[in-house]
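Dear colleague,

Please find below the structure that I am handing over to you. I would ask you to look at it first and then to read the notes that come after it.

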Amino acid sequence: MNHTIDLLAIQTPEHLREGLEQQTRFDGGLFEVNIFETFQSSTKVRIQYAGLSISSMIRGYKIVYGKDGRKIKFTPGTSLVLPAEEQIYADFPEADSRNPVQCATILIPTETVERLLMELEKQYPEGNWQFDFANYHFQNDSAFVRAINELLQLASEERLQIPLSEVLLKSLFIRLLNAQREYVQEQTVFRKNNPMLQIKQYIQEHIDQDLSLEKLMEIGNCSKSTLHRLFENYCSKTPGAYILQERMLLASNLLLHPEFSISDVAYKTGFSSLSYFAKQFKTFHGCTAGDFKKKFGH
């Protein structure tokens, strides 16, 4: 089941305004809610918040590039949780005036997050009160969505209610942690029963290393012919072409971040030769890594 947040708690689609991008802010006292509406296709948009951010997609989708190199299709029914100052980048490939992208983001100051988590830990010391930022993208469940909707409703009220904000934020934290854990458990079970997912996960986790067919056959517990058939059926590519694709996509993601040089990126994506990396990057992306970094890097 796809659990999406209820924007009617604040506004309706008829409230969409003309323009390229709009931001509507609601003050909840201990938190704020921002509704972002994007009306134009754009690429490599940098997103960064001063506090903890919990974002849920409402309408449309965007492609998110995390600092860990992951490329995620952020769609309704899923959420992102990011620590303060974490940078991500996003593409809005299909946004236009008729199909805007809408996203609701709850922002919570770091000191408020730390205080409320400390209170939960004191009250319930047996719990694990740390957000799983390694699994920052997850599927919504009904309880988490209810917690989000309650905060949206509270933020839309004229009078600030700080005591209620504290209670609802704690509820949100609990629901968020539960949703993350349930999603990770479901994905773990799914991967264990799907050899292709096991292989793809291994490639992602060892992308900076030599990835031989023999090792992939071992991970998938399959023959060479079965391995090629799996890649052809699931990816329409050979194993080698898929690995190169993943390395090139990761390279373009890492180049967005100023702390990584081109040689750093080549090493992190499994290339021992900088010249070979440069050749493959230009072939795949149609421009040099240096030009890409100048255009999109910050």
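Predicted model: local features only at pLDDT ≥ 70, side-chain atom pairs only at ≥ 80, totals over all residues.

Residues are numbered from 1 along each chain as its sequence is written, and side-chain values use heavy atoms, with hydrogens and water left out.

Some terms come first. Helices (H or I, at least four residues) and strands (E, at least two) are DSSP runs, numbered from the N terminus. Two strands pair if DSSP finds at least two bridges between them. A residue is buried under 20% relative accessible area, exposed over 50%, and partly exposed in between (1.4 Å probe, protein chains only).

The open sheet

Four strands form an open sheet in the order β3-β8-β5-β6, and their pairing is antiparallel. The edges are held by β3 (42-47) and β6 (71-74); each has a single partner strand, so one side of each is left without a neighbour in the sheet. From one strand to the next, the twist averages 25 degrees (axes are lines fitted to C-alpha atoms, for helices over the stretch in contact, and angles run from 0 to 180 degrees between N-to-C directions).

Within this sheet, β5 (residues 62-65) is joined to β8 (residues 88-92) by three bridges, and Y65 has Y89 as its bridge partner in β8. Four bridges join β5 to β6, where K62 stands opposite F74. These two strands, β5 and β6, form a hairpin with five residues between them, and G69 in the turn has a positive phi of about 95 degrees. The covered face of β6 carries I72 and F74, whereas K71 and K73 lie on the uncovered one.

In strand β9 (residues 101-108), eight of the eight residues are buried. In a regular strand the side chains alternate between the two faces of the sheet. In β9, V101, C103, T105 and L107 point one way, and Q102, A104, I106 and I108 point the other way. Strand β2 (residues 32-38) pairs with β9 in the antiparallel sense over seven bridges, and F36 has C103 as its bridge partner in β9. Strand β4 (residues 52-59) also pairs with β9 in the antiparallel sense over seven bridges; here the bridge partner of R59 is Q102.

Helix α6

Helix α6 (residues 224-235) has 12 residues, which at 1.5 Å a residue should span 16 Å, and its end C-alpha atoms are 16 Å apart, which agrees. The expected span is 1.5 Å times one less than the number of residues. Buried in α6 are L227, L230, F231 and C235. They cover an arc of only 95 degrees around the axis, which puts them on the same side of α6; the arc is that of the directions from the helix axis to the C-beta atoms. The buried residues of α6 pack against α4 (195-205), α5 (213-220) and α7 (239-254), where contact means heavy atoms within 4.5 Å. On the face turned away from the buried side, S225 and N233 are exposed. After α6 comes S236, with a positive phi near 55 degrees.

A buried loop residue

N140 is found in the loop between β10 (137-139) and α2 (142-156). N140 counts as buried because its relative accessibility is 4%. Its side chain makes a polar contact with the side chain of S79 (2.6 Å). A polar contact is a pair of N or O atoms within 3.5 Å; within protein, one must be able to donate a hydrogen and the other to accept it, and residues adjacent in sequence count only if both atoms are side-chain atoms.

Yours sincerely
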